[in-house]
Number of protein chains: 4
Amino acid sequence: MNKYEVQTSQNPDTLQDHYRATRILTEEICKPLQAEDFVVQPSDEVSPPKWHLAHTTWFFETFLLVKYVEDYRLFDKDYPYLFNSYYEHEGERWQRQHRGLLTRPWVKEIMAYRNYVDEHMLQFFENHKLNDEQQRICWIGIHHEQQHQELLVYDIKYIFGINPLFPVYRNTTSELNQSAQISEANWLKVDEGLYTIGMDGNAFHFDNEEGKHKHFLHAFAVQDRLITCGEYLEFIEGGGYQDFRYWLMEGFEWVKSEAIHAPMYWQNKKGKWLNYTLAGLQPIHPDLPVAHLSFYEADAYARWKGFRLPTEFEWEVACQQYAPEIPQEANLLDQRNYSPAVSQAGNYQFYGDLWEWTQSAYLPYPYYKKVEGALGEYNGKFMVNQMVLRGGSYATLSQHIRPTYRNFFHPEMRWQFSGVRLAKHL
Amino acid sequence: MNKYEVQTSQNPDTLQDHYRATRILTEEICKPLQAEDFVVQPSDEVSPPKWHLAHTTWFFETFLLVKYVEDYRLFDKDYPYLFNSYYEHEGERWQRQHRGLLTRPWVKEIMAYRNYVDEHMLQFFENHKLNDEQQRICWIGIHHEQQHQELLVYDIKYIFGINPLFPVYRNTTSELNQSAQISEANWLKVDEGLYTIGMDGNAFHFDNEEGKHKHFLHAFAVQDRLITCGEYLEFIEGGGYQDFRYWLMEGFEWVKSEAIHAPMYWQNKKGKWLNYTLAGLQPIHPDLPVAHLSFYEADAYARWKGFRLPTEFEWEVACQQYAPEIPQEANLLDQRNYSPAVSQAGNYQFYGDLWEWTQSAYLPYPYYKKVEGALGEYNGKFMVNQMVLRGGSYATLSQHIRPTYRNFFHPEMRWQFSGVRLAKHL
Amino acid sequence: MNKYEVQTSQNPDTLQDHYRATRILTEEICKPLQAEDFVVQPSDEVSPPKWHLAHTTWFFETFLLVKYVEDYRLFDKDYPYLFNSYYEHEGERWQRQHRGLLTRPWVKEIMAYRNYVDEHMLQFFENHKLNDEQQRICWIGIHHEQQHQELLVYDIKYIFGINPLFPVYRNTTSELNQSAQISEANWLKVDEGLYTIGMDGNAFHFDNEEGKHKHFLHAFAVQDRLITCGEYLEFIEGGGYQDFRYWLMEGFEWVKSEAIHAPMYWQNKKGKWLNYTLAGLQPIHPDLPVAHLSFYEADAYARWKGFRLPTEFEWEVACQQYAPEIPQEANLLDQRNYSPAVSQAGNYQFYGDLWEWTQSAYLPYPYYKKVEGALGEYNGKFMVNQMVLRGGSYATLSQHIRPTYRNFFHPEMRWQFSGVRLAKHL
Amino acid sequence: MNKYEVQTSQNPDTLQDHYRATRILTEEICKPLQAEDFVVQPSDEVSPPKWHLAHTTWFFETFLLVKYVEDYRLFDKDYPYLFNSYYEHEGERWQRQHRGLLTRPWVKEIMAYRNYVDEHMLQFFENHKLNDEQQRICWIGIHHEQQHQELLVYDIKYIFGINPLFPVYRNTTSELNQSAQISEANWLKVDEGLYTIGMDGNAFHFDNEEGKHKHFLHAFAVQDRLITCGEYLEFIEGGGYQDFRYWLMEGFEWVKSEAIHAPMYWQNKKGKWLNYTLAGLQPIHPDLPVAHLSFYEADAYARWKGFRLPTEFEWEVACQQYAPEIPQEANLLDQRNYSPAVSQAGNYQFYGDLWEWTQSAYLPYPYYKKVEGALGEYNGKFMVNQMVLRGGSYATLSQHIRPTYRNFFHPEMRWQFSGVRLAKHL
């Protein structure tokens with residue numbers, strides 16, 4: 001979902017290693033799937049897993065091999081049409097909502113495509129000393145594929161979660177989690193003041209977080225952990241979904257028209273709440289953070305509690321102040337944890353459990369400027385009708401965990417791993 | 001799509017053989033597919049091939065094994081919910097338009113389901129002397145699966161035909177066809193008179209053709225062959241799709257809203273007409289019968305030529321009069337021909353090329369009576385808003401070729417193998 | 001909805017009188033309306049009353065004045081675009097489903113349009129001896145406007161009936177009706193035989209009923225009166241709307257998707273059934289014929305009773321046999337009765353209460369041939385996906401009451417005055 | 001669209017005068033309409049004029065008369081159901097999108113309703129000394145009706161503008177405007193700094209602008225006038241609508257799916273651009289501000305010019321700095337100007353021509369708090385998926401013109417009087 005700025009300081013020697021590691025991880029995520037699982041698109045926002053495998057490959061082929069490798073021959077002349085996602089600069093493309101209609105190319109053909117492009121990329125690394133622009137694009141390609149790794153997990157969960165057989169993706173719910181005890185939430189206070197938002201410099205970042213700039217905040221506080229399933233259940237059982245007073249009007253219309261009455265993947269069987277997880281259908285764990293909420297639900301819950309969601313600026317400042325170090329034990333995808341953790345007291349958990357809805361609309365920063373060409377389409381053209389999420393989930397790669405990182409979704413979306421943290425003014 | 005009446009005269013010894021042959025043929029039709037090809041549903045009327053494999057199996061399990069075999073255990077308790085098509089009597093079912101969302105059960109699980117049911121069916125044949133009712137249901141199950149064999153061919157063609165890679169299903173276009181020459185159409189005359197329509201007796205037939213009854217016809221004639229691609233091209237190039245005068249109003253609205261300008265599977269590439277066939281994308285063969293027409297197109301073509309479509313009664317009488325014998329060389333699925341043939345002079349071809357649209361709406365015969373229970377849903381509840389087709393296509397089994405057989409589709413449908421024969425009053 | 005053949009035998013002297021009477025009656029029907037009532041289109045099938053006033057006028061202007069009166073000047077150059085209904089021959093037109101968006105021209109402007117055309121028509125009658133073709137078209141225009149008179153009543157009822165204030169159109173429910181007692185229905189038997197269907201000759205008729213031809217009928221019987229509200233209530237209270245066994249599949253899907261549970265205009269208030277009538281909201285009268293049924297409901301009711309609907313041919317033959325004379329006391333619009341009547345014993349009531357659904361699809365008669373030009377669009381292009389109704393309603397003009405008259409609607413339509421008569425085979 | 005805070009300082013003696021003046025103006029706006037014009041709803045966002053007449057009356061009846069006048073009898077027990085807009089607190093209501101289906105109550109009945117409520121309101125003023133809360137609600141009712149006066153003008157223009165007869169509402173295009181010459185736009189600079197946004201105190205304001213708070217701005221500049229039709233024409237003719245690079249993705253999809261190629265009400269007749277105005281169809285005036293743009297178009301235009309839209313905070317600060325006085329000559333509805341004006345050099349025009357799109361999403365201010373009860377629904381529940389507009393149009397009442405006023409619409413809306421002012425960073 002985003003482009004970045006300068007990247008030259010990253011050690012170019014490691015580029016090739018990162019490339020390789022990223023490509024391998026994508027395929028590992030797909031290991032539990034059979035060919036049939038790769039094909040379908042049960043909702044417009046979901047892409048078939050094989051499409052992710054091909055599209056991330058197309059990115060390297062299009063923006064590096066085709067541009068910089070003399071005599072490079074496309075693996076297949078039809079693939080650019082099939083696997084371009086939304087880059088108008090790159091010409092016509094198969095309609096997004098029809099991705100799930102294509103049975104061909106088969107998974108094994110797409111794996112051959114991946115191998116073909118990987119071989120040419122490795123030759124490219126061997127035979128060329130990549131210049132700054134080429135390195136920059138390659139790093140983008142890596143981060144791009146990492147974003148698709150997270151989407152792959154979302155999409156696999158969606159595909160399995162609507163299946164009445166409720167298949168198990170991986171039996172990974174840690175025992176530890178099951179016995180953990182949640183502690184009372186504490187308020188972390190931040191003083192009124194002029195703060196710096198955004199990022200500059202050489203470390204990798206996307207263009208939507210580019211440009212340090214000042215932002216004034218009034219005094220506020222945020223809680224030191226996410227809202228749990230047990231807490232959210234009180235909202236459900238207290239009639240929260242039926243009481244218009246807590247809802248934005250479009251949110252309440254959505255609740256009624258879609259018959260929403262609980263987070264996505266929750267179902268009530270004979271009075272008992274179950275939750276579809278990557279480990280199959282499970283009883284609700286009351287102390288785990290509640291996930292798969294839309295912005296509308298997160299916002300209504302906060303209002304029901306008498307609080308509000310933080311702005312993305314408050315979140316960033318609180319995070320910088322209370323959790324400047326990213327903990328090693330974060331529940332991240334590259335450490336192969338496929339479940340959230342129970343928050344422990346004193347552990348100001350800002351990253352790696354769930355993306356946290358903010359009350360900020362996704363808008364350009366003051367000095368935001370789209371880059372020229374196709375990669376300028378990475379982020380900027382989405383800056384309307386979406387809300388910002390911060391923090392990262394247990395399906396996020398560690399390279400995508402930082403205080404300035406901006407994720408964004410439409411307010412009714414909830415197949416992503418999203419939760420809620422409360423804020424208030426002081 | 002239909003139920004039948006009495007069947008006791010068919011030799012019960014052959015029932016088991018027919019069962020076996022039918023089950024094998026279904027799987028053979030799927031041989032050229034890979035796992036991915038079995039999953040998708042590109043349009044509401046198309047079912048994923050693996051659904052056909054499972055649904056035809058569910059039919060035998062539900063209506064024979066569950067009912068008549070003591071201690072029979074379902075292969076999987078969720079399958080009846082997943083693989084019931086439209087039998088309200090049999091309870092809740094997965095929504096038809098969502099069949100393409102299910103990646104599980106996998107094809108190999110469904111094949112295990114087929115094997116499990118086949119084994120129990122064969123034991124059932126061995127261990128019981130099937131009574132009349134059981135034989136009757138078993139014959140229906142066989143004919144039901146044969147109908148799905150034809151649908152499988154339609155659906156595979158649809159799935160392949162919308163894929164921009166235009167995969168080949170089977171390289172079977174006979175050389176003979178390519179060089180054949182079509183002869184001028186002749187008119188076959190039928191005198192005014194009181195004729196008998198429909199079927200009685202012991203030979204297998206569905207309930208919608210049951211009940212011999214009298215029908216008066218004024219003198220008419222029908223052509224002795226179907227309209228060809230070359231003839232239809234004149235209609236296209238003469239502006240037929242743009243001239244409202246030839247169209248039913250709902251047909252013309254359909255043409256405009258769907259941007260129809262040629263039969264399904266035809267495309268014009270730089271002035272040259274191509275046709276997606278089971279052997280891949282091919283140039284139009286001008287002497288082959290034009291296929292994949294909707295009723296609206298067939299009707300408009302007939303009007304453009306100054307003629308009309310026959311009624312289903314005219315078709316049945318003309319067929320009885322001019323082609324009482326079903327030719328052995330008919331291009332039928334159980335003879336593994338996957339293409340239509342060029343009509344030869346003197347060969348009154350009424351069967352086995354394409355289903356022929358009639359101008360008759362699909363309505364009950366005078367003495368039509370639904371049978372009780374689930375099998376009564378086979379035919380009767382579809383008798384509105386559909387038009388009758390007669391004859392059979394090259395994907396029709398020979399058991400489904402007879403003068404009284406009534407097929408039916410909505411007037412805008414055209415993924416079935418349908419063509420046009422002209423008629424006129426004398 | 002239809003065109004006719006020859007009309008020369010009708011006395012041309014009376015043509016002018018008929019013209020005048022028809023034009024006056026249309027305006028009388030609109031007398032109880034205020035300007036606001038003339039504008040809206042609450043459903044696609046409903047037209048704003050002022051549109052009917054203008055469209056019927058446009059018909060005379062377009063097909064007579066423009067064609068045959070030298071130097072005739074259009075009343076307004078934009079009106080042909082606004083008030084053409086569906087005549088492709090007459091060029092572009094305002095979209096049907098947007099008729100209710102137009103506040104201009106105002107009603108008084110349309111009345112001026114009517115006066116302008118009437119004056120020119122009367123001059124045309126005075127100054128010309130109309131030739132056969134001109135007389136023919138004028139008669140069509142008169143019958144066309146009479147059809148729109150009936151539609152006007154339907155549309156006014158729709159516009160009033162969805163208004164939560166339930167306005168009264170006219171206080172006309174006759175006292176007699178309220179106290180009448182319905183008698184048991186009797187079966188009228190018709191023998192097997194070859195009958196004549198359709199009409200020839202000089203009396204006015206539309207092209208869809210043109211052409212006497214033979215039709216064989218097996219022995220059958222129809223009831224001598226329509227089903228009543230009281231009888232239909234048993235179907236409702238017996239769970240008829242919830243039991244799929246009585247319904248065509250598309251009918252049952254319609255019932256569920258539209259949440260249909262009673263005839264149109266019926267509502268249940270605290271256990272009491274009320275019916276919106278032209279005299280306002282009224283208690284159900286159990287002995288009056290049940291009206292505003294769709295074909296699906298009529299068909300399901302018949303099946304629930306163990307019978308069926310008649311075919312249109314059976315209806316025509318039974319009518320010719322049992323009710324050859326059209327009774328003077330029929331409840332017709334030109335006698336200003338705005339309610340149905342209770343059927344009396346011995347009074348074979350075939351006309352003038354409600355249009356009666358048949359089980360016949362609307363198809364061309366054997367020798368049907370569309371006339372050339374715009375008037376050929378009157379009937380023929382609608383011959384698909386509709387069902388035939390016979391008989392006429394209390395909003396039908398007496399000129400439209402005859403045994404051969406074919407009315408037609410889509411099977412889910414029910415704002416027209418439609419009811420059900422049962423049939424069975426003998 | 002909004003609620004307010006304290007109002008006690010406004011002279012209560014004038015309350016009654018304001019009430020009376022406001023009620024009269026609403027009816028004056030409707031003077032050029034005939035009964036038919038009051039009824040229709042050509043698009044979901046448009047309400048029939050008679051609905052505005054009734055709804056504004058319902059507001060006073062519901063929130064004052066019913067609550068505070070002993071023995072007050074509703075004018076009609078059904079009106080609360082019909083004329084509640086979106087207040088869930090006030091119970092069930094007629095669906096918004098069906099407002100255009102109701103022909104009753106007639107305009108004259110609604111005028112009687114207005115008179116009845118006005119009489120009771122005037123008695124209420126006479127007989128009671130209104131307490132603070134009652135005064136507060138009455139002021140809200142007045143401002144509420146003033147907002148509906150502006151909406152009335154939008155809706156009348158919509159109803160007339162889609163009519164192929166293009167009726168004239170009022171012949172008011174001033175001669176002056178036609179000959180005025182636009183001057184080059186100048187940049188108004190604002191320094192970096194911490195500014196105050198929002199409003200406190202006793203002067204009337206809505207809750208969404210309540211609460212002075214600090215906001216940091218980087219140095220920026222805005223132009224001193226709006227973009228003109230002539231300037232916008234260059235964008236059109238330069239292919240702006242076809243070039244994806246200037247558009248937000250959802251904006252470009254909207255352009256394609258709705259076939260947008262010019263501002264609303266513009267049409268190209270044989271190469272000449274015409275514009276539907278309240279004075280009828282007129283040639284484009286190149287020096288007048290371009291109106292009826294969506295946010296997507298405003299945003300794309302700004303990007304095409306190499307600039308951007310201002311944020312709402314930038315707009316407010318620039319306005320406070322450069323145009324603290326609201327000019328008397330503003331083109332406002334209560335001065336009965338029905339057209340925009342040509343901007344003159346040196347006349348920093350920030351108000352009263354067109355609402356100006358900002359790049360700010362409509363979100364709550366830091367200390368925003370919904371009031372309890374129905375009036376808390378005035379503003380807060382709309383704070384998602386909408387963009388803020390500032391300034392006011394020539395259909396805005398002068399009481400609604402102030403630097404802190406926040407208007408808001410969805411980004412694709414363009415029937416409101418909206419234009420574009422450019423901004424840039426320094």
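1. Helix α8(D) and its packing. In this predicted model, the buried residues of α8(D) pack against α9 (295–304) of chain D. Helix α8 covers residues 249–257 of chain D, and its buried positions are Met249(D), Gly251(D), Phe252(D), Trp254(D) and Val255(D). Just after α8(D) comes Ala259(D), whose phi is positive, at about 55°.

2. Ser294(C). In chain C, Ser294(C) is placed in the loop between β7 (280–283) and α9 (295–304). Its relative accessibility is 0%, so Ser294(C) counts as buried. With neighbours within four places in sequence left aside, the contacts of Ser294(C) are Trp254(C), Trp357(C), Pro411(C), Glu412(C), Met413(C) and Arg414(C).

3. The three-stranded sheet of chain D. Strands β1, β4 and β12 of chain D form an open sheet in the order β1-β4-β12, with antiparallel pairing. The edges are taken by β1 (187–190) and β12 (423–425); each has a single partner strand, so one side of each is left without a neighbour in the sheet. From one strand to the next the twist averages 25°. Between β1(D) and the antiparallel strand β4 (residues 220–223) of chain D there are four bridges, and Val190(D) stands opposite Phe220(D) in β4(D). Helix α10 (residues 312–322) of chain D packs on this sheet and touches β1, β4 and β12 of chain D. The direction of α10 makes about 100° with that of β1(D).

4. Gln321(B). The α10 helix of chain B (residues 312–322) contains Gln321(B). Leaving aside neighbours within four places in sequence, Gln321(B) contacts Lys189(B), Val190(B) and Tyr195(B). Met264(B) is 57 residues from Gln321(B) along the chain, and the C-alpha atoms of the two are separated by 33 Å.

5. Helix α4(A). The 21 residues of α4 (residues 107–127) of chain A should span 30 Å at 1.5 Å a residue, and the end C-alpha atoms are 30 Å apart, which agrees. Buried residues in α4(A) include Val107(A), Ile110(A), Tyr113(A), Arg114(A) and Val117(A). Asp118(A), His120(A), Met121(A), Phe124(A) and Phe125(A) are also among the buried residues of α4(A).

6. Relation of chains A and B. Chain B is superposed on chain A by a rotation of 180° with 0.0 Å of shift along its axis, the RMSD being 0.0 Å. This is the relation of a two-fold axis. Within chain B, the C-alpha nearest the axis belongs to Glu36(B), at 2.5 Å from it. The same surface serves both copies, since 100% of the contact residues of chain B recur in chain A.

7. Extent of the A–B interface. How many residues of chain B are in contact with chain A? The contact involves 29 residues of chain B and 29 residues of chain A. Between them the two chains, B and A, bury about 2,500 Å², with 65% of this on carbon and sulfur atoms. On the chain B side, Glu36(B), Arg104(B) and Leu165(B) lose the most area to chain A, together 26% of what that side buries.

8. Other chain pairs. By contrast, chain A and chain C are joined by no contact, and their closest C-alpha atoms lie 14 Å apart. Chain B and chain D likewise do not touch, with their nearest C-alpha atoms 14 Å apart.

9. Backbone points to inspect: cis peptides. In chain C, Arg104(C) and Pro105(C) are joined by a cis peptide bond, with omega about -10°. Pro105(C) belongs to the loop between α3 (79–83) and α4 (107–127) of chain C. In chain D, a cis peptide bond joins Arg104(D) to Pro105(D), with omega about -5°; Pro105(D) lies in the loop between α3 (79–83) and α4 (107–127) of chain D.

10. Backbone points to inspect: positive phi. Asp71(B) is not a glycine, yet has a positive phi of about 65°. Asp71(B) sits in the loop between α2 (49–68) and α3 (79–83) of chain B, and counts as exposed at 70% relative accessibility. Lys270(C), also not a glycine, has a positive phi of about 50°. The loop between β5 (266–269) and β6 (272–277) of chain C holds Lys270(C), which is exposed, with a relative accessible area of 89%.

Conventions. Residues numbered from 1 in each chain as written. Chains lettered and ligands numbered in written order. Predicted model: local features only at pLDDT ≥ 70, side-chain atom pairs only at ≥ 80, totals over all residues. Heavy atoms only, no water. Buried < 20%, exposed > 50% of the residue type's maximum accessible area, 1.4 Å probe, protein only. Helix = DSSP H or I, 4+ residues; strand = E, 2+ residues; numbered from the N terminus. Contact = heavy atoms within 4.5 Å. Least-squares fit on C-alpha atoms with pLDDT ≥ 70 in both. Expected span 1.5 Å × (residues − 1). Pairing = 2+ DSSP bridges. Axes fitted to C-alpha atoms, helices over the stretch in contact; angles between N-to-C directions. Buried area = accessible area lost by both parts, 1.4 Å probe.
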